[in-house]
Amino acid sequence: MTRVASRDDREPDAGERLADLLACASAGDNDAWRSIIDLYARRVFALAKSRCGDAVLAEEITQSVFATVASTLGTGGYSEQGKFEPWLFRITMNRVRDEARRAKRAGVSLESNVAPILAAPTPSRGLGPDILGKLRQGLGELSDADREVIELRHHAGLSFKEMTEILNEPLGTLLARHHRALKKLRNFLDAAGITSPIGHDESMEDSTGGGIES
Amino acid sequence: MNNDSNNQLRFTGDSGPDPADRMIESALDQIGQADRLSAPSTLESRVLASTQALLAKSGVADDARVITRVRSFSWSLRIAAAIAVMACGGAAWLAVRPAVPTVQSSPAMAALEEDIDAIITTASFADASVADELDKLDADTLNFGQTSASQEWLDVIEETSL
C-alpha cells in the first residue's frame, strides 16, 4: 500500500526527510522522485477529485501538478524552505480553478460531475454510508471559500498553519471559517434529520481520537 | 505558531467545545481518506511515467536554453560590431574627402561656354540700341509739343469744327 503522508501520520523528522528527497530528486534521483510521488499523489488526487467530481479529470490534474513540480525541481527553480506542501497544493488549487473556469467557458458545470461522487458510497469506520453521503451533499452546498478550507484540511490533510500559506489568510480567519463550515454542515445534517446519530454515536467518540491538530 | 498550539489545546481530545463538530470533522476525515483510497492503484506509476522523463529532460532543456541564449548573444554582438565598423569607416571617409569637389571641364564644355558669353554680349548691345531709339523718340515728342504750342492753327481747327 502506498504511504500517504497526511497530518495524522507525520513523523517527527518528516521535514528533514522531505528536504533530502527533494534535494535528491532535484539531482535526478528517480527513487527520490518516486518517493515524493508516493507521499503526495493521492492527497493531490483526493483534493482535485473532491473539487471536480471526476476521477479521470482528477488524475489529469494530478499528473499536471507533478509535471510542474518535476520541471521546477529539474531546473533548480525550487529551494526547500519547509514550504513544499503549501507550494504543491497551491499548484493543485490553481489547476482546479483553471479547470473550473474552462468548464464554465464551455458551459459545463463541474458541480454536475460532483453529483455521482456525492451519491457514491464511502467506506465507513463508524458512520453509515447514508450519513457520509449526506455530508458529501452538504459539502456541495458550501461556498467556495468554506469548501476550500474543508477540503484542504480533510482531503489534502494539511495543517492550519500550512493552509495559511496557501490561502494567504490569517490563522484565526481560517479557524473561524472552518468552524463556520462545520456549523453549516451540521445544520445541513439537522435539516436532513440525521443529527442524532452523529451527536450520540458512542463508537465515533472512541474512533475520533482527537480533533484538530496541526 | 502559538495560536496554532492554542487551537490544538482547544480542539484536541475530548476537551473540544462541541462533540458534534468533532464528529463531523471525523466524518470529513473519513471522506477524505476514502477519496485518497479511491485513486486508481496505478496512479503513482502513471504519474511517475509521465513526469520522470520531464524531470530528466528539464536539465537538458535548461542547458539548451542557455546555449541558445549564448548563440543569439554572439550573433547580436557580431552584427553590432559590423555596424560599428561601417560607421567608423563612413566617418573616416567624410573626414578625409576634399571640402569642394573639383569639376573637370572638357573642350566641348569650354566652347559651349564661349558661345553663351557671345550670346549674352550681343543681347546687351541690342538692348543698348533700343534704349537709344526710345530716348530719341521721347525727345522728338517733347519738341513737337513745344513747337505746336506757339502756333495759331489750333484755333482755326476749333472754329471750323463748330
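Helices (H or I, at least four residues) and strands (E, at least two) are DSSP runs, numbered from the N terminus. This is a predicted model, in which local features need pLDDT of at least 70 and side-chain atom pairs count only at pLDDT 80 or more, while totals for chains, interfaces and linings use all residues. Residues are numbered from 1 along each chain as its sequence is written, and chains are lettered from A, with ligands numbered from 1, in the order in which they are written. By the helix definition, A:Glu85 is found in helix 4 (residues 84-105) of chain A.

**The two chains**

- Chain A has 11 helices and 0 strands, and from the N terminus on its elements run α-α-α-α-α-α-α-α-α-α-α.
- Chain B has 5 helices and 0 strands, following the pattern α-α-α-α-α when read along the sequence.
- A residue is buried if 20 or more other C-beta atoms lie within 10 Å of its own, exposed if 12 or fewer, and partly exposed in between, with C-beta atoms placed from the backbone.
- On that count, 42% of the 214 residues of chain A are buried, and buried residues make up 16% of the 162 residues in chain B.
- Two residues are in contact if their C-beta atoms, placed from the backbone, lie within 7 Å; of the contacts in chain A with a separation of 6 or more, 65% are between residues 24 or more positions apart.

**Helix 4 of chain A and A:Glu85**

- The expected span of a helix is 1.5 Å times one less than its number of residues, and for the 22 residues of helix 4 of chain A this gives 32 Å, which agrees with the 32 Å between its end C-alpha atoms.
- The buried residues of this helix include A:Phe84, A:Glu85, A:Leu88, A:Phe89 and A:Ile91.
- A:Glu85 counts as buried because 23 other C-beta atoms lie within 10 Å.
- Leaving aside neighbours within four places in sequence, A:Glu85 is in contact with A:Leu158 and A:Glu162.
- A:Glu85 and A:Ala156 are 71 residues apart in sequence, and their C-alpha atoms are 9.6 Å apart in space.
- Just after helix 4 of chain A, A:Gly107 takes a positive phi of about 80°.

**Helix 6 of chain A**

- Helix 6 (residues 129-141) of chain A has 13 residues and reaches 19 Å from its first C-alpha to its last, close to the 18 Å expected.
- Among the buried residues of helix 6 of chain A are A:Ile131, A:Leu132, A:Lys134 and A:Arg136.

**Helices 2 and 3 of chain A**

- Two packed helices are described by the angle between their axes and the distance between the axes.
- The axes of helix 2 (residues 30-52) of chain A and helix 3 (residues 55-74) of chain A come within 8 Å and cross at roughly 135°; axes are lines fitted to C-alpha atoms, for helices over the stretch in contact, and angles run from 0 to 180 degrees between N-to-C directions.
- That angle makes helix 2 of chain A oblique to helix 3 of chain A, since angles under 35 degrees count as roughly parallel, over 145 as roughly antiparallel, 65 to 115 as roughly perpendicular and the rest as oblique.
- Residues making the contact include A:Ile37, A:Ala41 and A:Val44 of helix 2 of chain A and A:Ala55, A:Leu57 and A:Ala58 of helix 3 of chain A.

**A:Asn168**

- A:Asn168 is found in the loop between helix 8 (160-167) and helix 9 (171-191) of chain A.
- A:Asn168 is exposed, with 9 other C-beta atoms within 10 Å, and its phi is near 55°, a positive value in a residue other than glycine.
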